[in-house]
Each structure stands twice: as structure tokens, then as C-alpha cells.
Amino acid sequence: MIDGFTHQLPDADPAETKEWIDSFDAMVDKSGRRRARYMLAKLLERAGELNVGNAPPTWTPYVNTIATEDQPWFPGDEFIERRIRAFIRWNAAAMVINANKAADGIGGHLSTFASSAALYEVGFNWFFRGKDDGRPGDHVYFQGHAAPGVYARAFLERRLTEQHLNGFRMEIGGEGLSSYPHPRLMPDFWEFPTVSMGLGPINSIYHARFNNYLESRRIDETSGSRVFCFLGDGECDEPETLGAISLAGRSGLGNLIWIVNCNLQRLDGPVRGNGQIIQELEGVFRGAGWNVLKVIWGSEWDELIHKDVDGILLNKFNTTVDGEYQRLAVEGGDYIREHFFGPDPRLRTMVEHLSDQQLADLPRGGHDYQKIYAAYRNATEENEAPTVILAKTIKGWTLGEGFEARNATHQIKKMTKDELLALRERLHLVDEIPESALEGDRAPYYRPDESSPEHEYMVQRRLALGGSIPKRRIRNRRPITLPDPSVFASLAKGSEGRSVSTTMAMTNLLRDLMRDKAFGPRVVPIVPDEARTFGMDSLFREFGIYAPFGQLYEPVDHELLLSYTESTDGQLIEEGITECGSMSSFIAAGTSYANLGVPMVPFFTFYSMFGFQRVGDSIWSAADSRSRGFLLGATAGRTTLAGEGLQHQDGHSLLLAATVPACQAFDPAFAYELGAIIDDGLQRMYGHDDPHDDEDVFYYVTLYNEAYEMPPRPDHVTDADVVRGLYQWANAPDRPVTATLVFSGSAQGAAREAADELADRWGVGVDLWSATSYKRLREEALAVERRNRLHPTDPAEVPLVTRLLSGGEGPVVAVTDFQKLLPGQVARWIPHPYHTLGTDGFGRSDTREALRRFFEVDTGHVVVAVLHALAQEGTIDALVVAEAIAHHGLDVDIADPGRHDTVPVPGHSVGRAHSRE
Ligand SMILES: Cc1ncc(C[n+]2csc(CCOP(=O)(O)OP(=O)(O)O)c2C)c(N)n1
Ligand SMILES: [Mg+2]
């Protein structure tokens, strides 16, 4: 590693420089390196105070960031708060234990909350603001595995009953509590689903940024609202957790506070046994521009640290690895004396006056009320940077020897009677919980009376802070007005001779929606560095790109009509290359109707290939969060995006979408379909008089980049036909033989051409249908099937897709630019022989024509598929099929069954590259 750059800096006074260096050398000589290090640190600190702009160090010694002298006075009653905390600790443990007694194996976690109880409680009593007074309030992302602690507090606050606690993890039947925070399962309680690790943290960053965006755009006043996020130290290994922290630093998110519960352990063992997770995280966060507050040592250490004039203790702190710190937490005072203080006689002397018990009791900062309070205070003061509190704790704290800092602690969920007795003792609850109560099947809960000082205190504190949290509440602080219907009119007319793609149609629609006076400002267009690809650069100048500090330069293209224009009130959110970050923005905007009572409508446009498969978990998180809005998968299709090849060509996002409840997946072929779908989505998600009637769904719509003339909406077709998933687009011309062809998306071209050819050359009249949503058809059919199964004596209903297609004659052939499984989803309900053409296998680069021929979805293959289906029925002769194969020159390709790299074909190796023997 090369260290040094000063040789490149101008030296205005070399003689003076030399004097300073000489005296520094002398100090190292005389007082040693430790003293010299101290002096350097002091000088840097002074430089900071004098605004001598030097980058702060990325790493500070292993001590609390806030000095004892700088700690603010704690305004509360520590005694009462400790009692409240003890009740919560007890009930949290009891509910997990009881759940596991009632249903063995139902799970739950004791140790996570046990380590973070004080971190939460200081927040609940002094910092987290509720929204009962009509304000937005603060938003708190709770660590998923700490949920029992949050329930236990809600029980004390009398928001939950004993019956609720007994229903922990037993939700079927109504009164249960969800295992982890989940707004779908407990929609009045939890706001943010957090348990898929890493997603809560990244969502919290974009949430805080979105709050600033709303304020900058003068849509809502959010400056009185903060976002808190609790996370685990092990969770920091998820790329999503730390992946966007530089955005938070760069955007100056002073409204964002993270609390990392550094208990040094994850599920299997230590997070950094051979290093120091707190120091590592400090470096990463400082480098990203965060205000870092380490809360490492409890107050009882202050005296020792004060005595450490030689820095020997500090050196010991700095050089002890986490695996050893964890060991120290499980051992007694004698071990600590021998192994931590003992090896250095000076350190041993330092703790001579302390008993073994006192040594064992030296607490970690994350369990020390005053230290935690000081950190929150600093974090919530006027801040231009986000803050992270790195709080050192012990996993399983107070739960007893079998739990504290044990490697297996994360998953222990049972306690023996003796362990419960010890816990009762440890929490000073001997008077509250009689021993006899521990005999029964269930561990008892304890809740002080409503007239008790503890109850009074707790309720008063929450009242002062604006009411209980968490609380998910739909308020209509800023109702939304939907766009004027005329916005959709031009799409219904078709493109009148011009060739356009559905992507272009969508960009135009988006622009028109944004121009709509009342509705426009509520649109949140989000792109991850692909606006130009989708022709959305036309929005840059007109609506501006959001930049928290404005545009500090004149853009290189300032003379152009479409110049790259950034501004503080820009509407477009240009995320750069982060689909995960963009999804987080989507969720922030799509849940704003509930978080803030301000409905916003996100339109997140991305490369469809880099959506569901790249950020599938985030998309689930959006569904869990009850997000609304539109996901637009542009450049869709395996063959429509020419030239890009394997990693770009999406033939399966709609299949992945089919697995996500709440996701409404559409595959429009024409601009008017697109218009009908977006209109329908707005109505369903935002259009009801009572906002509680609005549906918590989001739309996934594929967009293609193939330009063709967009037909007007046929007179016989309504918007309702389009959005139900399937409608007849054109009737078959009169021919002796008939069949049905179903197309979707860009496969419309091959289907329509094939229909013409079938009529003209092969004497087959084909009904053409457009399938806009197989997912919808399938869900409707499943619902009908279920109804019939459970109402056996009622007249059976018929699924929509069956009803619609039963009118036709002959076989049904479906063609798609996605995998065959997409139309295959409804195979069971098609009332005629059903054949699917799709693009299975890996993508590759070539022209559209070549790709469609290769994947067997071009006109020739559609023609052949229809004829073959008719031949199978015996309606036409197989020779006609052979003739069509020859006519289209398809026979040359037939010899290569392994070409699509999918199915093992006997005699061919799996996944073999395409070759033509
Ligand atoms: C994405 C994801 N992977 C794995 C898990 C399973 N899991 C739950 S908790 C946990 C360990 C958590 O450790 P840490 O983040 O340090 O939290 P602590 O409980 O120690 O506070 C793991 C691996 C998960 N919930 N999410
Ligand atoms: Mg941990």
C-alpha cells in the first residue's frame, strides 16, 4: 500500500515544515509512539474545531464517541423506566416461551430484543414521535426479530391483550400476532416489513430521502419527521444494508437515524470473531459521510477510562478482538481479571479495588441508559448528516447464563422453571410474579395496574410524544385528484399511421399525466439510469431531476431542449444504477398514502430483465408494505430487444410476477390497452372516495421497444374487456376451417401476420384474441374453481377464460414473447385443444427476425402451429403442415432439439450451445 501524497502539494514554507517535523520526531523519541498518536488526534480534532477542512479520520479509538463530560442530563426517572423495561423484558420472554409450549416448533426469538431493550426503550420514552396529533410523526423500522419486545410494550400500553400475546405466531383465526413486523398481516400496527435482512435498512434510507423530496417539492411538510432504523450487526453483511449509505451521506439526510445493535453475534456465531465489527462499521459509515456515535462502554467504565493516563487500557480496548469480547461476556470476574486486565501488571493494578463481581458487572454502553440517551440527543439535534449509533450490547442480556453471549442464543426459545426464576430475580420482579405462577402451563404475563406510577409514567411519556407507536394509519392529509380522462383519449385513437412502441406510448402518457394540473404533481417517475433507453430524457428539462442541493454546474448539454436539468424541486427521481435503491424509492412513494397520508403515484421504469429477478425480494417487500404504484418493465420480451443478448432479454419477468400476490401483471400489445390498464390501476389504487376502499395492489406492466402502428381501440372493445385479461380483438374471416389465436405483447405482429396468411393461403379463418393478463385469468379461474369445490350443491360457475373461449371453434394457439409457461398458466381452463408458443431457454443476440425464427415464435411458426393443431384434430391433412414447414423454410432448423438449452433430450447433452450439425 502506498501511503502519502504530500509530495504533490505545494509547500509554502519548507523551513517551517521542517521545524514541525523535527519536533514531532523528538516527541516520538522522547515520549513514544502512543503519545505521538494522541497528539496527532488532538491536532486533528482542533483542526476540525477551527474549520481547517481536513477529512476526519475514518476510525477512532474503541471508546464512546460522546465524552462523559459532554453527556446531557437525563430528564427522566431512571428507576421507573428500569421497572417498565423489566416488565417488557419479562413479557417479551414469556410470550415466546408460551408460544413454544403451546405449539412446539412455532419459534420466536428471545435474545435479540433482550440485547436491545434499552435501545428501544430510550427511544420510546424520549424520542419516537407518534402521529396522534395529526402530524406525520416519526417512522421506526424495528429489527424483525425484536418484535416480541414491541408487542410486550404495546401490551403494557394496553393496546394488546393477554389473548393477543398468547396468539403470537398463531395468526390463523384472527387474533394472533405476526411473527415479524408485517403491514399486511397487522395493517393497523406495523408500518414496515423488516425481517428479510437488509431491506429495512435500505428502505429506510430512501424513505428519509423521499420525505425530503416531498418537502422540497412543497407537497408535504415533512421536516418534523424522522426515520429511525434498528438493525443487527450481522445484518450489515447484507449488501443491501450498506449498499446505499453513501446516498444518505451525500444527500445530507439529517432526518435519518440508524441504531445498530452491535451484540457482536449473528445466528451461528460471532459477526467478526477475529476483528471488531464496531470499528469496521465506523470506518464505513464515516467514509460515507455519516455522523457516527459509538456507544461502547457503560458509565461504570468511566472511572477506569479516566485513570488510563498512559493509554494502556485504550490499547487493550483497541486490540481485543470481538471473539474475545464475547468470551469475556460469558466468563466470570476472575477470568476477566486474568485475561483482560491481568496480562499487563499496570492494568491489573488499575482494577485491584474491584471485586470479581464488580468486574463481571462492568456494563456495555448499549445497556446504559445515560449513554444511550446522550447518543439519541446528539442524533436528533439539528444535523446535516445521517447518524448511526453503534451500540455495543450482549446478545441475550439479562436472560441468564444459558443465553448471554452463547453462540446458540439466537435460536433458544425455551426456558426452564429455574431459568425463569433467575430471570425474575435478575429483573427484580420477585414481588410481582409469585413463584407459584411459574408452575402452570404458561409463563404469566405481568402488567401494572392503570393506577400504578409505571403505567401513568409510560402513558404520559407517549402522550407527550404524540401517541403510541407503531401505528399504521391511513389518513387523508392531502387527498389526490385523479387525472382528467382526456389524458387517455389519444391512446384510444391509435397512432394514426405512425410507428410507435408501447414504451414510447407510455412515456407520452407519463408526460401527459405529469402535465395534468391537479394530478401531475403526485406522479413520482423513478429511473435507474435508463431514461434515455426508454425515451424518457424528454422529461428531464420539463420536470427536472430531483437534486437535494440543486444543480451546481451548467450541464454540458445546457443548450439542448432535453438538457440534463437538476433542481431542488425536480420531480424525476434519477437513482443511478440501482434497481434495489429504485425499488426502495418506489416503496417510499407507494406507501406515502399511509405513512404520511399523502397519496403519491410512483412509476418506476426499468429494464424488465433487471426487475423481478434482480430485486424480487424488494418487490415482495413492496407487496408486504402494501405499496401502490406502477412498475414498468421496459425492453420486455426475449426477442423484441434485438442485439442485446442473453443477459438483457427478458422472457420470464411475467412468470415471476405471477408469484407475487397483490401484483397485477399486464402484458399489453397496444397503446390503448396500456391506457386502459393505467387508468384502471389509478382508479383501483387511488380512485375511491373513502381512501380505505383504495386497493393495496401495484401494477406490473411490460413495455416493448418494437415500433409499429398502434391500432385504435376497436369499437366492440371496452376498457373493462382489456383489463379483465382477455378479449377478442378480431373475428375470423369466413373460411372452411377455423381456429383461435391468442397473442400478447409484441407477439401480436406474428399472430396478426399468421392470421392473414392462414386465411389467404391455407383456408383457415382465425379468431384473434389479445391476452393482456394471464395472471388475472388464472386467479379468476382458481377463485371460481374453489367456489365450486366448496359449494358442491350450487350450480357450478365457469371461469372467465373458459367462457370467453368456448364460443370459438377449433384449437387454440397462444403466442408470447415470454416463456411458454406464461400462457400455460391457464391451460387447464381452455375449452379446446391448447398449444403454446413461447421463448424458453437462454436469450442471445441477433436481429428480431432471426431471434423469432430461432425461438419459434415468428409468423411461420405460428402458421405451422395452427395447422398442426388442426391436423391433430383431424380437420386437415398432416401433409398441409409439412407443406407449410417447407414454405417457411423451417425444416432446416428442426434437426437440433438441444438448441434451447433447456430440457435434457435423450442423446443430447444438457445446456449444449446451439449448433447446426
Ligand atoms: C435475508 C435474510 N437472511 C437470513 C435471515 C435469517 N436470520 C434471521 S436473524 C439472523 C441473525 C441476525 O443477526 P444480527 O443481524 O446480528 O441480529 P441480532 O439478532 O444479533 O441482533 C438471521 C441469519 C433473514 N431473516 N433474512
Ligand atoms: Mg447481532
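Biologist: Hi! Which residues are linked in a network of salt bridges?
Modeller: R626, R628, D694 and D696 form that network, where a salt bridge is a side-chain nitrogen of Lys or Arg within 4 Å of a carboxyl oxygen of Asp or Glu. This is a predicted model, in which local features need pLDDT of at least 70, side-chain atom pairs count only at pLDDT 80 or more, and totals for chains, interfaces and linings use all residues. Residues are numbered from 1 along each chain as its sequence is written, chains are lettered from A and ligands numbered from 1 in the order in which they are written, and side-chain values use heavy atoms, with hydrogens and water left out.

Biologist: How far apart are the closest N and O atoms of R628 and D694?
Modeller: They are 3.8 Å apart. That pair links distant parts of the chain, 66 residues apart: R628 is in the loop between helix 25 (612-624) and strand 12 (629-634), and D694 is in the loop between helix 27 (671-686) and strand 14 (698-702). Helices (H or I, at least four residues) and strands (E, at least two) are DSSP runs, numbered from the N terminus.

Biologist: Is R628 buried or exposed?
Modeller: R628 is buried at 1% relative accessibility, and D694 is buried too, at 9%. Buried means under 20% relative accessible area, exposed over 50%, and partly exposed in between (1.4 Å probe, protein chains only).

Biologist: How many salt bridges does the structure hold?
Modeller: It holds 49. One of them joins the side chains of D138 and R129, at 2.8 Å from N to O; D138 is buried at 3%, while R129 is partly exposed at 25%.

Biologist: Switching to the metal, what coordinates the magnesium ion (ligand 2)?
Modeller: D233 (OD), N263 (OD1) and Q265 (O) do, at 2.0 to 2.1 Å. Donors here are N, O and S atoms within 2.8 Å of the metal (3.2 Å for Na, K and Ca), and water is not among the atoms, so sites may look incomplete.

Biologist: Where do D233 and Q265 lie?
Modeller: D233 lies in the loop between strand 2 (227-232) and helix 8 (239-243), and Q265 in the loop between strand 3 (256-262) and helix 10 (277-287), so the pair ties together parts that are 32 residues apart in sequence. D233 is buried at 1%, and Q265 is buried at 2%.

Biologist: And what lies 2.9 Å from an oxygen atom of ligand 1?
Modeller: A backbone N or O atom of Q265 does, well within the polar-contact limit for N or O pairs of 3.5 Å.

Key. Polar contact = N/O pair within 3.5 Å; in protein donor to acceptor, adjacent residues only side chain to side chain.
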